[in-house]
Amino acid sequence: MSNVKCLDATPFPPASDYVLLEVLPKSIFHKNETETQFYRDFFRLNQRVVPTSTELLKLAMEEGCQVGISGLDAIHIAAAVFGDAEEFITSERKTKPIHRTRLVKVISIHPSEASG
């Protein structure tokens, strides 16, 4: 069963081949057919896939060195910038280094932990 109906009504955020590489192999390995089909549909239909470039990798290197985030996270941030994203949504908790970037607003899918 395809998830195309769900995707057709949703504006696509910018994505990159790096995101595909990060999510698709794991869902295929674990034989999660629904998740795998969702990713395939998303990337097939999405017209906002940011191609890699020397400039993108240069920005990723600069941001990684400046704020201390991992290489792949820096590439994701640079791709978001090149894709004119207003926000970058991540599964990383707010305590992780990716939240240090100021190039794009980073939002965690994890709710804020209650203080006190």
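Me: What is pLDDT, and how does the protein chain score on average?
Reply: pLDDT is the predictor's confidence in each residue, from 0 to 100. This is a predicted model, and its protein chain averages a pLDDT of 87, with 88% of the residues scoring at least 70.

Me: Where in the protein chain is confidence lowest, and where is it highest?
Reply: Helix H1 (residues 4-8) has the lowest confidence, at a mean of 47. Helix H4 (residues 54-67) has the highest, at 98. Over residues 1-8 the pLDDT is below 50, and this stretch has 16 contacts in the model beyond near neighbours in sequence.

Me: Happy with that! Now the rings. How many aromatic pairs are there?
Reply: The count comes to three aromatic pairs.

Me: Why is the pair of Phe38 and Tyr39 called edge-to-face?
Reply: Look at the two values. The centres of Phe38 and Tyr39 are 5.9 Å apart, and rings pair if their centres lie within 6.5 Å.

Me: What makes Phe38 and Phe42 a stacked pair?
Reply: Phe38 and Phe42 are 6.4 Å centre to centre, and the limit for a pair is within 6.5 Å. Their planes are 25 degrees apart, and under 30 degrees counts as stacked, so this pair is stacked. Both residues lie in helix H3, four residues apart, about one turn of the helix.

Me: Which residues do the ring pairs link into a cluster?
Reply: Phe38, Tyr39, Phe42 and Phe43 are linked in this way.

Me: Let's finish with the largest pocket. What is its volume, and what lines it?
Reply: The largest pocket has a volume of about 900 Å³. Its lining holds 26 residues, and Pro14, Val19, Phe88, Ile89 and Thr90 lie nearest its centre. Among the elements that give two or more residues to this lining are helix H3 (33-45) and strand E3 (87-90). The lining residues divide into 16 nonpolar, four polar and six charged.

Conventions:
Residues are numbered from 1 along each chain as its sequence is written. This is a predicted model: local features need pLDDT of at least 70, side-chain atom pairs count only at pLDDT 80 or more; totals for chains, interfaces and linings use all residues. Side-chain values use heavy atoms; hydrogens and water are left out. On a 1 Å grid over the protein atoms alone, a cavity is a set of points where a 1.4 Å probe fits but cannot get out, and a pocket is an open set with protein on both sides within 12 Å along at least five of seven lines; lining residues have an atom within 4 Å of a point. Grid points are joined across faces, edges and corners, and a volume is the space filled by probe spheres set on the points. Ala, Val, Leu, Ile, Met, Phe, Trp, Tyr, Cys and Pro count as nonpolar, Asp, Glu, Lys and Arg as charged, and the others, Gly among them, as polar. Rings of Phe, Tyr and Trp (its six-membered ring) pair if their centres lie within 6.5 Å; planes under 30 degrees apart count as stacked, over 60 as edge-to-face and the rest as tilted. Contact means heavy atoms within 4.5 Å.
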